[in-house]
Amino acid sequence: DIITDVRKRGDAALLDYTRRFDRLEAESVETLRVTEKEFEEAFASVQDEDIAALKLAVERVTRFHEKQKQETWLSTDEEDILLGQMITPLEKVGIYVPGGKASYPSSVIMNAVPAKVAGVRELVMVAPTPGGEINPHVLVAARLSGVDKIFRIGGAQAVAALAYGTATIPRVDKITGPGNIYVATAKKLVFGRVGIDMIAGPSEILIVNDGSGNPAHLAADLLSQAEHDELASSILITTDRAFGERVAAEVERQLAELSRETIARASWDNYGAVIVAANLDEAVSFSNRIAPEHMELAVANPFAILPRIRNAGAIFLGHSTPEAAGDYLAGPNHTLPTGGTARFFSPLSVDDFVKKSSLVYFAEAGLRRLGKDIIRIAGLEGLEAHARSV
């Protein structure tokens, strides 16, 4: 209903829903756009150390994604035929970032940087701001990452505005970024009108372990996902039962120290598990069935096992590689497939912000050389006009 309303009434619907859901009054959608003065105030209010850390994250994520870039190519294998593929960046992309008092500058960086590396011309960010409040760290990350415009709108109404356009919000070619179940559902409903990155569910981590390492470290990594959401899933599968018991005890100890204990405990109690496997082969087989978003190889020799991993969004190797490194500034993207979709989906990348066009050129000699076979295949399909065109 919200999507339909925004399609019909445009900016007026956006203002109504922003007033209703975000308690934010505005005369026009343009007044919901973040101003240059607000960017300046954000930089002034954020500590220099925080800005430096965010700059480092942008630099590292940029370097990683630059290695993903593909170039247009042409094949000259035949003298009379030229074939190839042309890479073209998307014109406009919309980024959804959770808002309010929550601070998710990493989400801004992970969605904006690959788009800019790909060559996207215009990057429009939307974020709900209950009561008008917007986190300054999010604004700093947006400016450092090259976001062009930010609007204080969120929810299904923001997704609809990006998908169909309004008098103020430009229609984009693709929408990326995380959100709650309303945002995820709206993205699913507008898919086809625009591209989307994926339908993301609650966060997941699965750790494969051989009894080596520090139980406190593994417990901390499990809880790093549990604190995200009551529906998040944290699983340890180990070949050493005694070690697994120590990790479970450590989880209980650390839970009591967390500021988000209520959320993390609900996640751990309902969707957490410590599983004992007969051997590493069984552990790896189980992990491949789960196809986790985050997968840790907390074993003595992770590179020996790596070739057997078939399904995982991101793989963290060894005892000194916490999942949080990937969340923030290791370099790879933290927008990852969830809910078992790592069987067929990949992390967000530069590829998500370009499109590929096939190039075909026949000299007359090439058409004469292959024309009879083209005509024959067209005849097999009963498509006379195809044959006649040749």
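**Aromatic pairs and a helix crossing**

Phe21 has a relative accessible area of 38% and is thus partly exposed (between buried, under 20%, and exposed, over 50%; 1.4 Å probe, protein chains only). The model is predicted, so that local features need pLDDT of at least 70 and side-chain atom pairs pLDDT 80 or more, whereas totals for chains, interfaces and linings use all residues. Residues are numbered from 1 along each chain as its sequence is written, and side-chain values use heavy atoms, without hydrogens and water.

Two aromatic pairs were found (Phe, Tyr or six-membered Trp ring centres within 6.5 Å; stacked under 30 degrees between planes, edge-to-face over 60, otherwise tilted). Tyr17 and Phe21 are stacked, at 5.9 Å centre to centre and 5° between the planes. These two residues lie four apart in helix H2 (residues 11–22), and therefore about one helical turn separates them (helices are DSSP runs of H or I, at least four residues, numbered from the N terminus). Tyr17 is buried, at 10% relative accessible area. Phe344 and Phe345 form a tilted pair, with 5.3 Å between centres and 50° between planes. Phe344 is exposed at 51%, while Phe345 is partly exposed at 36%.

The charged end of Arg143 sits over the ring of Phe39, 4.1 Å from its centre (Lys NZ or Arg CZ within 6 Å of the ring centre and within 35 degrees of the ring normal).

The axes of helix H7 (residues 155–164) and helix H8 (residues 181–190) come within 8 Å and cross at roughly 25° (lines fitted to C-alpha atoms over the stretch in contact; angles from 0 to 180 degrees between N-to-C directions). H7 is therefore roughly parallel to H8 (under 35 degrees). In the contact (heavy atoms within 4.5 Å), Gly155, Ala156, Val159, Ala163 and Tyr164 of H7 meet Tyr182, Val183, Ala186, Lys187 and Val190 of H8.

Note on methods: Parallel < 35°, antiparallel > 145°, perpendicular 65-115°, else oblique.
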